[in-house]
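This briefing covers salt bridges, pockets and a surface patch. Please read it alongside the sequence and the structure.

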Amino acid sequence: MTEIDELRPTTTAYGTERPVPPWASAAARAVPLLLLPQCLWRLPFAFGFEMGLDVDGAMPSSLWVSVPYVFGLSLITEVLALLSLGLVRGWGEIAPAWLPFIGGKRINPFAAIVPATLGGLGATAFWAPVLLSWFGVGDAAGFTSPGWHTLALLCIAPGMLWGPLVLVLTYAYYTRRCRPAVRATGVRR
């Protein structure tokens, strides 16, 4: 092996320059799945079915407004959740070749770290009042029966892990991309 070959980055099974911890890969795959129950729970609202919420008229009465809004919100939520995979895959380090202007180029780590950190903090801040209301702090949404309330908790609660998981994944990405690696010989590269 030549000296140049030693300096050339190698890729791992996920297409990353340095190995991704198995827990990080599992967490990144879990994020979209954790949000899926919430997105599915939200879909009946598009058709005026309020899933046991004790509020009348919370959604627009027009299907032309509510259907695109609810389905679009669910779709955007899942697409954003899928972006967390970029923190553990090669396309989070080198832009895919099909992208105009940046395709095939290395991505500056902070171009992923800053938006992921802001997104993780934003998702955490968004869900904090809901979580607190479930513990009696602030106003909680009312439900027509305990069954509807339980269903809402089961569907919404997993999504509350979105922000914290993205923050943990972002820190793992930062340590993998920004800290020098130590080889088995003890030499930093």
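A salt bridge here is a side-chain nitrogen of Lys or Arg within 4 Å of a carboxyl oxygen of Asp or Glu. The model is predicted, and it holds two salt bridges.

**Salt bridges**

- E93 and R176 form a salt bridge through their side chains, with an N to O distance of 3.1 Å.
- This pair joins distant parts of the chain, 83 residues apart: E93 sits in the loop between α3 and α4, and R176 in helix α6 (residues 162-178).
- E93 is buried because its relative accessible area is 3%, under the 20% cut-off.
- R176 also counts as buried, since its relative accessibility is 7%.
- E17 pairs with R106 in a salt bridge whose closest N and O atoms are 3.0 Å apart.
- E17 is partly exposed because its relative accessibility is 21%, which falls between the cut-offs of 20% and 50%.

**Largest pocket**

- By class, the lining of the largest pocket has 23 nonpolar residues, four polar and one charged.

**Second largest pocket**

- Of the 19 residues that line the second largest pocket, L83, S84, A112, P115 and A116 lie nearest its centre.
- Both α4 and α6 supply at least two residues of this lining, and α4 gives the most, with seven.
- The lining of the second largest pocket comprises 13 nonpolar and six polar residues, with no charged ones.

**Surface patch**

- I76, L80, L83 and W91 make a nonpolar surface patch of about 400 Å².
- One of these residues, L83, is also among those nearest the centre of the second largest pocket.
- I76 belongs to helix α3 (residues 63-82).
- I76 counts as exposed because its relative accessibility is 52%, over the 50% cut-off.

Note on methods:
Residues are numbered from 1 along each chain as its sequence is written. This is a predicted model: local features need pLDDT of at least 70, side-chain atom pairs count only at pLDDT 80 or more; totals for chains, interfaces and linings use all residues. Side-chain values use heavy atoms; hydrogens and water are left out. Patches are made of residues with over 30% relative accessible area and no salt bridge: like charges are joined within 9 Å, nonpolar side chains (Val, Leu, Ile, Met, Phe, Trp, Tyr) within 5 Å. Accessible areas come from the Shrake-Rupley method with a 1.4 Å probe; for residues, only the protein chains shown count as cover. Helices (H or I, at least four residues) and strands (E, at least two) are DSSP runs, numbered from the N terminus. Buried means under 20% relative accessible area, exposed over 50%, partly exposed in between (1.4 Å probe, protein chains only). Ala, Val, Leu, Ile, Met, Phe, Trp, Tyr, Cys and Pro count as nonpolar, Asp, Glu, Lys and Arg as charged, and the others, Gly among them, as polar. On a 1 Å grid over the protein atoms alone, a cavity is a set of points where a 1.4 Å probe fits but cannot get out, and a pocket is an open set with protein on both sides within 12 Å along at least five of seven lines; lining residues have an atom within 4 Å of a point.
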